[in-house]
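Dear colleague,

I am handing over the structure below, and I would be grateful if you could look through it alongside the notes that follow.

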Amino acid sequence: YVGGTKDYVVNFAQLTQQAQSTADSLEQQKEELAEANRRIQEATAIKLQFFTNVSHEIKTPLTLILGPLNKMNQVVEKNSPLYDDVQIMRKNAERLKRVIEQLLDFRKVENNKMNMKVRQVELVSFVREIKSYFHNLARSKRIQYELQADMERVELWVDTDKMEKILVNLLSNAFKFTPEGGRICIHLQED
C-alpha cells in the first residue's frame, strides 16, 4: 500500500509540472496573440491613413474637373449633340466626388462617429436621377433600360447618400450580369 502512495505522489508531481507547462504555454500564446492583434491594429491604421491620403489627392483634381464641367453644362445648348455627354460626365464626376467623400467618412465610421443624414425626398425623381447615371452604358450594351413607377410621386425620409449608394450598387450589378441586348427594369410599386 505504501508503494501505491509513492506512485500517486510521483504522478501528482508530474501532473503539477504538466499543468505549469501548459499554463506557461497558454500565457506565451496569449502574449503572442496580443502582439499579433497590436500589429493588425497598427496595419489597419496605416491602411486607413493611406486611403484617407489617396482620397484627398483624388478629390482635389476631381473638384477642378467639376468646375469646367459645370461651366460647360451652363453653356452647351440642350439641342446640341454634346449636351447629353456633358450631363453624364457631370453627374458621374459628382457621383465620384460623393464616393470619395464616403471614403473620407470611413474614418468616422471606424470611430463610431458617423451619423445618418436623413431628409425628405421625392423617391420617383430621385430614382430617375440615379437611373440616368447608366443611360450611356445601357445604350452601349443595347440593354432595354426602363423605370416603371406605380405612382407619380412618393415622399420618403431617407439618407440620400446611403440610398444612392444602394441603388448604384444594385444597378451596377444588374448591368454586370445582364447580357448585351438584355433588359433591366426598375419597378417602383406601392404596397
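**Tyr145 and the cores**

Leaving aside neighbours within four places in sequence, Tyr145 is in contact (heavy atoms within 4.5 Å) with Lys131, Phe134, His135, Ala138, Leu171, Phe175, Ile184 and Ile186. This is a predicted model, in which local features need pLDDT of at least 70 and side-chain atom pairs count only at pLDDT 80 or more, while totals for chains, interfaces and linings use all residues. Residues are numbered from 1 along each chain as its sequence is written, and side-chain values use heavy atoms, with hydrogens and water left out.

Tyr145 is also one of the residues that touch the most other members of the largest nonpolar core, which has 21 residues, the others being Ile130, Phe134, Leu171 and Phe175. A nonpolar core here is a set of buried Ala, Val, Leu, Ile, Met, Phe, Trp, Tyr and Cys residues joined through side-chain atoms within 4.5 Å, and buried means under 20% relative accessible area, exposed over 50%, and partly exposed in between (1.4 Å probe, protein chains only). Two or more residues of this core come from each of helix H3 (123-132), helix H5 (160-177) and strand E4, where helices (H or I, at least four residues) and strands (E, at least two) are DSSP runs numbered from the N terminus. Helix H3 gives the largest share, five residues.

Elsewhere, Ser55 lies in helix H1 (residues 2-75) and counts as buried because its relative accessibility is 2%.

With best regards
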